[in-house]
Amino acid sequence: MSDAVKLACATCGQMNRVPLVKLAEGPKCGACGDPLADGKVIELDARAHDKTTRADEMPLLVDYWAPWCGPCRMMAPEFAKAAMSLKGRARLAKLNTEDHPEIASRARIQGIPALVLYAKGREIARLSGARPASEIVSFVQGRLGA
Ligand code: ZN
């Protein structure tokens with residue numbers, strides 16, 4: 001296994017090579033200085049969605065949601081907790097399907113909230129419906145063999 005992972009910056013799109021030993025220290029983007037993996041949920045726009053889901057070498061869990069969806073809003077704090085628990089092992093991000101219906105359609109999202117786990121440029125698992133933080137964490141860990 002490599003001793004570093006490539007991560008796309010969700011702000012500027014720059015690819016960053018992050019040594020694994022630095023992952024837990026909250027690495028920052030070499031181009032714009034924004035945090036790359038600080039345990040906070042990343043807001044994705046269309047460009048950042050495509051870049052991170054295709055190029056990230058670290059597992060990425062995307063929450064496809066919309067502001068009108070009650071269960072999505074209820075899950076948001078749980079998703080944030082899960083992001084903090086998984087810091088250094090996976091990045092958690094969200095995509096607003098109301099703003100980006102074309103992305104939701106391409107990802108074959110049929111109901112929301114839907115969680116899709118990507119690793120090394122491809123989808124490896126998905127989970128639908130609102131979940132507590134503990135279930136989100138064990139879903140990711142189970143798929144990563146951690
Ligand atoms: Zn950046």
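Helices and strands here are DSSP runs, numbered from the N terminus. The model shown is predicted.

**Figure 1. Histidine 100 lies in a loop of the protein chain.** The loop runs between β5 (91-96) and α3 (101-106). Histidine 100 has a relative accessible area of 16%. Buried means under 20%, so Histidine 100 is buried.

**Figure 2. Histidine 100 touches residues from elsewhere in the sequence.** Its partners are Leu44, Asp45, Ala46 and Leu95. Residues up to four places away in sequence are not counted in this list.

Figure 3. Consider contacts between residues at least 6 apart in sequence: 62% of them join residues at least 24 apart.

**Figure 4. The overall dimensions of the protein chain agree with a compact globule.** For 146 residues, such a globule would have a radius of gyration near 15 Å. The protein chain has 14 Å, which agrees. Its C-alpha atoms fill a box of roughly 40 × 30 × 25 Å, taken along the principal axes.

**Figure 5. Surface and interior of the protein chain.** Of the 146 residues, 46% are buried. The protein chain exposes about 7,300 Å². Carbon and sulfur atoms supply 52% of that area.

**Figure 6. The protein chain carries 21 positive and 16 negative charges.** The mean positions of the positive and negative charges are 4 Å apart.

Note on methods
Residues are numbered from 1 along each chain as its sequence is written. This is a predicted model: local features need pLDDT of at least 70, side-chain atom pairs count only at pLDDT 80 or more; totals for chains, interfaces and linings use all residues. Side-chain values use heavy atoms; hydrogens and water are left out. The radius of gyration is taken over C-alpha atoms; the globule rule is 2.2 Å times the number of residues to the power 0.38. Buried means under 20% relative accessible area, exposed over 50%, partly exposed in between (1.4 Å probe, protein chains only). Contact means heavy atoms within 4.5 Å. Accessible areas come from the Shrake-Rupley method with a 1.4 Å probe; for residues, only the protein chains shown count as cover. Lys and Arg count as positive and Asp and Glu as negative; His and the chain ends are not counted. The place of a charge is taken as NZ of Lys, CZ of Arg, CG of Asp or CD of Glu. Helices (H or I, at least four residues) and strands (E, at least two) are DSSP runs, numbered from the N terminus.
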